Amino acid sequence: MTLAKRILVGTGALLMAMIMAGPSQAAKIAISCGALGQELSLCREGVALWIAQTGHEVSVISTPNSSTDRLALYQQILAARSSDIDVFQIDEIWPGVLGHHFMDLTPVMGDATTRHFAATIGNNMQDGRLVAMPWFADAGVLYYRKDLLEKYDASVPETWQDLTETAARIQQAERAAGNDRMWGHVFQGRAYEGLNCNALEWVVSYNGGSVVEADGEISINNDKAKEAIAMATGWIGTITPDEVLGYAEEESRGVFQSGNSVFMRNWPYAWALLNAADSSVRGQVGVAALPKGGADGQSAATLGGGQLSVSKYSENPEIAADLVKFLTSRDEQKRRAIKGAFRPTIAGLYDDEEILAANPFFGDLYETFVHAVPRPSTVTGNKYNQVSHQFWQAVHAALSGEVAVEQTLENLDQNLHRIRDSGW
Ligand code: GLC
């Protein structure tokens, strides 16, 4: 073979090798996504769009439904400084607990951050570093059966007292009519983070404070908070099944979606699924702000949400950050809002007609969403996880009848003071 021929053959082989290997800069990264309702499939679809644009490879890792279990898993992975997962979907309350494991996203996001709600960006700042980009915002809402309220000439409850009465009345009548599985109200009563979200709503709605106040004061041991927890304790076994003590979001949705509860407290994601083709309550569901704790009370929705962070231990941090930028972008947030009822964190999307047509309550409850109550995760910083364990244990003990309401709040107060002794 002549020299020229040899060069040609060599170049051809090299080219072929390059084509087979794909673009030379192609990387392989991993993202862990939540799996509540449609979360995982929406994440996979978003990732597929980014892959189509960039040619990188991504594995999508599913995590437990429960936020509490997901945090335990992340803590293990991150404590080991593992590079296995590049992008983490984190909860709104975790920047203080996990932030030190994540990259500062400010340089990559640039002015993309200015389009998001300032409070959400503020929530994700740790020592001047942006440790997560907002992906969706959550707030607790009340789902109700429009058809049942109409059938029994009942109105949407304004106070928890109204809810309790209406729930009991309809439950009784429906049971008498033959549906012996009918209940009045379901929520998230398992001993985990979701119970805190529910309990915070009850307590704030009675003007009982938000467990630990923004100035660090521990406020939970007060009469209003006792009234609120006592009210919920009274529901168990009357308008709410005992099993609620083991329910997270999906279990309560299961009961409501199969037609067996008049009311349900849940997050917006449930809306898309309640109205899906296979839902028994499709078209029969209304959404309202959560009730007030009595005439002097207020409606309170706990603030929640999901964010995306890039691990400091990632071997491809720039590529991982680009995926975060893509997934948190306007187009992706719009797609997730229409298909999954995930509320955008980009203010401009609240005027979007397609989003509002798919989720009319995004417009109706805008004020509720804007005033959603944060859990005390910023003030308690990396102690939040301990605080939150104490809160749900105390509330769960009251709901299950193990400890009297008064005693459980006293114990909680002492335990929170003990945690604060080493500072927050
Ligand atoms: C939802 C919220 C999150 C909350 C969790 C509790 O996923 O977005 O903030 O901690 O529910 O179960």
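The model is predicted, so local features need pLDDT of at least 70 and side-chain atom pairs count only at pLDDT 80 or more, while totals for chains, interfaces and linings use all residues. Residues are numbered from 1 along each chain as its sequence is written, and side-chain values use heavy atoms, with hydrogens and water left out.

**Stop 1**

Side chains of opposite charge can pair when their charged atoms come close. A salt bridge here is a side-chain nitrogen of Lys or Arg within 4 Å of a carboxyl oxygen of Asp or Glu. The whole structure holds 16 salt bridges.

Select Lys28 and Glu57. Their side chains form a salt bridge, 4.0 Å from N to O. Lys28 sits in strand β1 (residues 28-33) and Glu57 in strand β2 (residues 57-62), so the pair ties together parts 29 residues apart in sequence. Helices (H or I, at least four residues) and strands (E, at least two) are DSSP runs, numbered from the N terminus.

Is Lys28 buried or exposed? Lys28 is exposed, at 54% relative accessibility. Glu57 is partly exposed, at 48%. Buried means under 20% relative accessible area, exposed means over 50%, and partly exposed is in between (1.4 Å probe, protein chains only).

**Stop 2: Glu174 and Lys151**

Now select Glu174 and Lys151. The closest N and O atoms of this salt bridge are 2.8 Å apart. Glu174 is in helix α8 (residues 160-176) and Lys151 is in helix α7 (residues 146-151), so the bridge ties together parts 23 residues apart in sequence. Glu174 is buried, at 11% relative accessibility. Lys151 is exposed, at 54%.

**Stop 3: Glu332 and Arg335**

Move to helix α14 (residues 330-340), where Glu332 and Arg335 are three residues apart, about one helical turn. Their side chains meet in a salt bridge of 2.7 Å, N to O. Glu332 is buried, at 2% relative accessibility.

**Stop 4: the cores**

A nonpolar core is a set of buried Ala, Val, Leu, Ile, Met, Phe, Trp, Tyr and Cys residues joined through side-chain atoms within 4.5 Å. The largest has 115 residues. Which of them touch the most other members? They are Ile31, Tyr143, Trp202, Ile220, Trp235, Leu323 and Leu399.

Zoom in on Leu323. Leaving aside neighbours within four places in sequence, Leu323 is in contact (heavy atoms within 4.5 Å) with Ile29, Ile31, Val47, Trp50, Val58 and Val87.
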